[in-house]
Amino acid sequence: MLGEDLKLTMAKLTALVIVVLQLNTGERTKAERNEALRGRISKKKTFNDSTMTLKDFHSGSIPSDLPLPFAPGIGLYERPKSPSTLHLFDHRNLAYSFFFFNFFFTNKNHWLISSIYRGHRNAMDDLEKAILISFDESGTIDPVLKSQAVVYCQQMKETPTICHLCIERLTYTKYVEVQFWCLQTLHEVLRLGYSTMGPDDKSYLRKFVFSIACLESPDDENSIRVLEGPAFIKNKLAQVLVTLIYFEYPLIWSSVFVDFLANLSKGAPVIEMFCRVLNTLDDELISLDYHRSAEEIAVAGRVKDAMRQQCVAQIVRAWYDIVSLYRSSNPELCSGVLESMRRCTSWIDIGLIANDAFVPLLFKLILVEGLSEQLRGAAASCVLAMVSKRMDPQSKLSLLRSLQISRVFPLVAGAEDSELVSKLAALLTGYAAEVLDCSKHLDSEDIKKISMELLDEVLPSVFYVMQNCEVDTTFSILQFLLGYVAKLKTLSPLKEKQVLHVGQILEVIRTQICYDPAYRDNLHMPDKIGMEEEDRMVEYRKDLFVLLRTVGRVAPDVTQIFIRNSLASALVSSSERNVEEVEAALSLFYALGESISDEAMRTGNGLLRELVPMLLSTRFFCHSNRLVALVYLETVTRYIKFVQENTQYIPMVLAAFLDERGIHHPNLNVSRRASYLFMRVVKMLKAQLVPFIETILQSLQDTVVRFTKLDWLSKDLKCSGSEDGSHIFEAIGLLIGMEDVPPEKQSEYLSSLLTPLCQQVKVELLLLDAKVQSSEECAAKIANVQQIIMAINALSKGFSERLVTASRPAIGMMFKQTLDILLQILLVFPKVEPLRNKVTSFIHRMVDTLGASVFPYLPKALDQLLAESEPKEMVGFLLLINQLICKFNTLVGSILEEIFPVIASRVFNILPRDAFPSGPGSHTEEIRELQELQRTLYTFFHVLTTHDLSSVLLAPKSRGYLDPIMQLLLQSSCSHKDILVRKACVQIFIRLIKDWCPRTHGEEKVPGFQSFIIESFATNCCLYSVLDNSFQFRDANTLVLFGEIVVAQKVMYEKFGDEFLIHFVSKGFPNAHCPQDMAEQYCQKLQGGDIKDLNIVLEFWSIFIFVDYSAFLYFLDWALHICLTGCFLVYNIHVVLNNEV
């Protein structure tokens, strides 16, 4: 690493010398200086290039900032890399020559050749035709020709006279494609090269563009042609004007807005253009809806300040006059004017529009029915902008009160959803939100009273809007309602009108969470459309349920009464038309449960004592619907704590789950979800269900039989979700596995379940072993066996080890017999991964259930599992061994001594000897499996050594693998990428040192191990690895590893004494450049036995060594960096001064 740093430092030193030499070179040529200046300017700002097609021009409005086509590899204002080539090749002539040469010799359309080729005298016509070719999408133009046209147009942009060419083309052309290209090019030139343009060019361009916008051009026909052209042409013209305003207003072009105002009398085209300029100014510079640089923010402030001082009042007056004059004859023009006014309201003086002239005009526009909806909606948006403008709360409240917003209410009530209603909904919501915000910031009780009166006035319309308007508006209203309910928390007790509002809020929530009946069939048997709609509603409901829970805490009684009435209303109707209403009512009750405490739920506070029994006894007419059935069962499960304290309702709970509302529901998704939820209910009620076991088992008998006879490869079962129905066996196991069940009954219940399942496994194995089935039949039987194993596994979860081994061994015998049968699967199908995994999972379960009585079955099971040596299989096998070691400790020593050589042989044959590859292509599934096997192997060694089983490594059959194991652990403890793996390896060595190394100098238990530890582990892991760059003391895991390394050194000193200390200090410390005084301090702390002090000394020492070894190099690198930066700064100043000259 230090060698790489030295190379980097030398590179910086070389660069420094080059810069100093460059500063001493002579003056550059004028062409070079200009080239450098253009290069700097062209890098100031970039933009996104994409191809504009002819189709875009003929299909309506186009985004105003849509750029032109460009040639691949050629950027705007790209110059030849060497300035000296400019006098050899004129790239303009080269572009012309190349274009015409290729047209002449490669194009097959001879009519086009003859019409395009004019020579340099007709360059303007050639440019126009090249533009038309580049935009063509008809497919009749040869692609090569089109590509050459694009290159030609791009190269033309780089000519010094491009502005004059564009202006001349705009004067005469009739093609919108050419108009757009010219305006786009002018826009790019201004954005990227304004500072390089001469004063005369700027003035000429400014006058020409303004003359078109205001119909002042000598060629009025051309100006009208542009102003009456498509929207994207006018938008691009507005962009050019705004770019000039960006650079020139108010210092250079101070009269732009005043001059524009003077031309508004020319009529609608100029008025519309003026509005587009204001809107573009907002989009490109003023609006904070987009990210702005510090420079743009400063320019925006300069423009706004100058406009406020110079012309804002005149602009507002012009708005008023135009709207008053044209509201009947040209409502579209008035809508555009009002849109400009809405955009500017946030930064102009509010008194200019919130006055006795403008406010009546706006409300007149809103309220008059004969006007267009677009104009009325634009007026509503202006009022909303006025309402939303930031100002002092007291002044804001006075403004809101003066608006008399109640005039708008009749327009919303009873109206169908439309653009106007949507705008009015936004106005009412914004108005209500501003009133609420004012009430939060004002302390006067009188003012608070006024604000609450205004809220009470507007809320009914807000509630109506939320139930009848588009989703976007609903979300903005939802945020307001959350704020309003939060405000109600501070008002206790609630007044009658506020209680009424809470009820209306709940009604709004209920309406909004209802599914659309149009999706009923898609949701009942979920297809792609139904699943998408369900996912959308789940996301949409989240905020609504947050509002419901908040309301439930503020007014719990009102909320519960509302839910009771909703359930009662859903019960009254027996029509399928109320499916969505029933589902919504149940969803409300379910969501409410999240806001109820456990204590309140157990005792049945409020109306819960009425609601829960009502829920349990309900049989909705639409219970066959999937969504209704699912939410019903989820709700019953949520309120099961109430049933724990009120056991008289247990039969009703069982009926709900066991009849056609639950497990016997015709819909497979509902049935399986009911099985899972029933298992949760059994876990909670458990002993209280003992009297009902017979009833439960009888009800589930057909379900159990059906489970073992299903076609698990059918499409319906594959698409039925993650729940496979095996949870019903876990529920049964929990019921019959309780010690409250009489022994005889328990044996009878278990035998009646295990016997048919095991018998079916035997039958399937015999049929599969006969090998007479087709591959499809074989796969189906394998899937059935897999499900049976899962069912038996789930069933066993209800039985404890104490019950099956001590109190009722007959139960344990049944599970042993079952284990013996399932192990036969590994003999018949050793390579079928799903079956192997399921049997392994069952062995895990039996280890926990049978305890030590499982030992007689382990050799057979482990031998069969070791038959395969793929990485994934070995990982599963090692996890099983780890479980056995953690549970039984040294009791499994003899078993491990037998199987360890096979494990070691398999693992070392699978794992690569070198490190895993890194970089692209290294994250393959195969490599991930090998890495997982390696991590599991480290865990295995760690578990082995920390459970007093290190002697397994010393067994005669295992000693041959001792050396590769030690080398693997040493390498990993020093350099493994995973710090946690390194820590585990160090802990393994600590345990081995304690187990294998006696305190006294006697015969070594493991010959050579002590010298290996002292000479290899101590120096490489406990010293050199700590000095590596990968050892970061700022990392928490690394600090934990360092603590283990310190403990290892302490243990080595306790076991080996001075032999370790002398070797460590004499061999390791000098190589690490450790000062003598620190070495002595280390020895003192190590001999003193204070690990905390030793830890501190070692950490400081390791950091000191690292810094001492490389301090000079780092200092040199830092100093060169500072010098290099300074020289570059001087160099740039030198360049700028030369260019200025």
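Let's start at lysine 683, which you'll find in helix α35, residues 668-685. This is a predicted model, and in it lysine 683 comes out as partly exposed, with a relative accessible area of 47%. Leaving aside residues up to four places away in sequence, lysine 683 touches Glu730 and Leu734. Glutamate 730 is 47 residues along the chain from lysine 683, yet the C-alpha atoms of the two are separated by 9.8 Å.

Among contacts in the protein chain with a separation of 6 or more, 74% are between residues 24 or more positions apart. The secondary structure comes to 54 helices and zero strands. Of the 1141 residues in the protein chain, 51% are buried.

With helices in mind, have a look at one pairing. Helix α23 covers residues 445-468 and helix α25 covers residues 496-512; their axes come within 10 Å and cross at roughly 20°. Angles under 35 degrees count as roughly parallel, so α23 is roughly parallel to α25. The crossing of these two helices is left-handed. From α23, the contact is made by Met452, Asp456, Leu459, Phe463, Met466 and Gln467. On the α25 side, the residues that make the contact include Lys497, His501, Ile505, Val508 and Gln512.

Now for the rings. How many aromatic pairs does the structure hold? The count is 21. Take phenylalanine 260 and phenylalanine 274: their ring centres are 5.2 Å apart and their planes stand at 45°, so this pair is tilted. The pair links distant parts of the chain, with phenylalanine 260 in helix α13 (residues 256-262) and phenylalanine 274 in helix α14 (residues 268-286), 14 residues apart. Phenylalanine 260 and phenylalanine 274 are both buried. They also belong to one aromatic cluster, formed by Phe210, Trp253, Phe260 and Phe274.

A second pair has another geometry. Tryptophan 996 and phenylalanine 1009 are edge-to-face, at 5.1 Å centre to centre with 70° between the planes. Tryptophan 996 is in helix α49 (residues 979-996) and phenylalanine 1009 is in helix α50 (residues 1009-1027), so the pair ties together parts that are 13 residues apart in sequence. Tryptophan 996 has a relative accessible area of 2%, so it is buried. Phenylalanine 1009 is buried too, with a relative accessible area of 5%.

The charged end of lysine 202 is over the ring of tyrosine 194, 4.1 Å from the ring centre. Arginine 407 puts its charged end over the ring of phenylalanine 363, and there the distance to the centre is 3.9 Å.

Next, some loops. Histidine 623 lies in the loop between α31 (608-617) and α32 (626-638). Is histidine 623 buried or exposed? The relative accessibility of histidine 623 is 8%, so this residue counts as buried. Not counting residues up to four places away in sequence, histidine 623 touches Thr618, Val628, Ala629, Tyr632, Arg661 and His665.

The backbone is worth a look as well. Tyrosine 249 and proline 250 are joined by a cis peptide bond, with omega at about 0°. Proline 250 is in the loop between α12 (231-248) and α13.

Finally, which residues have a positive phi without being a glycine? Glutamine 404 is one of them, with a phi of about 55°. Its place is in the loop between α20 (393-403) and α21 (409-412). Glutamine 404 has a relative accessible area of 48%, so it is partly exposed. Asparagine 889 is not a glycine either, and its phi is also positive, at about 55°. Asparagine 889 lies in the loop between α45 (871-888) and α46 (893-910). With 34% relative accessibility, asparagine 889 counts as partly exposed.

Conventions: Residues are numbered from 1 along each chain as its sequence is written. This is a predicted model: local features need pLDDT of at least 70, side-chain atom pairs count only at pLDDT 80 or more; totals for chains, interfaces and linings use all residues. Side-chain values use heavy atoms; hydrogens and water are left out. Rings of Phe, Tyr and Trp (its six-membered ring) pair if their centres lie within 6.5 Å; planes under 30 degrees apart count as stacked, over 60 as edge-to-face and the rest as tilted. Helices (H or I, at least four residues) and strands (E, at least two) are DSSP runs, numbered from the N terminus. Buried means under 20% relative accessible area, exposed over 50%, partly exposed in between (1.4 Å probe, protein chains only). A charge sits over a ring if NZ of Lys or CZ of Arg is within 6 Å of the ring centre and within 35 degrees of the ring normal. Contact means heavy atoms within 4.5 Å. Axes are lines fitted to C-alpha atoms, for helices over the stretch in contact, and angles run from 0 to 180 degrees between N-to-C directions. Angles under 35 degrees count as roughly parallel, over 145 as roughly antiparallel, 65 to 115 as roughly perpendicular and the rest as oblique. A crossing is left-handed if the near helix is turned anticlockwise from the far one by less than a right angle, and right-handed if clockwise.
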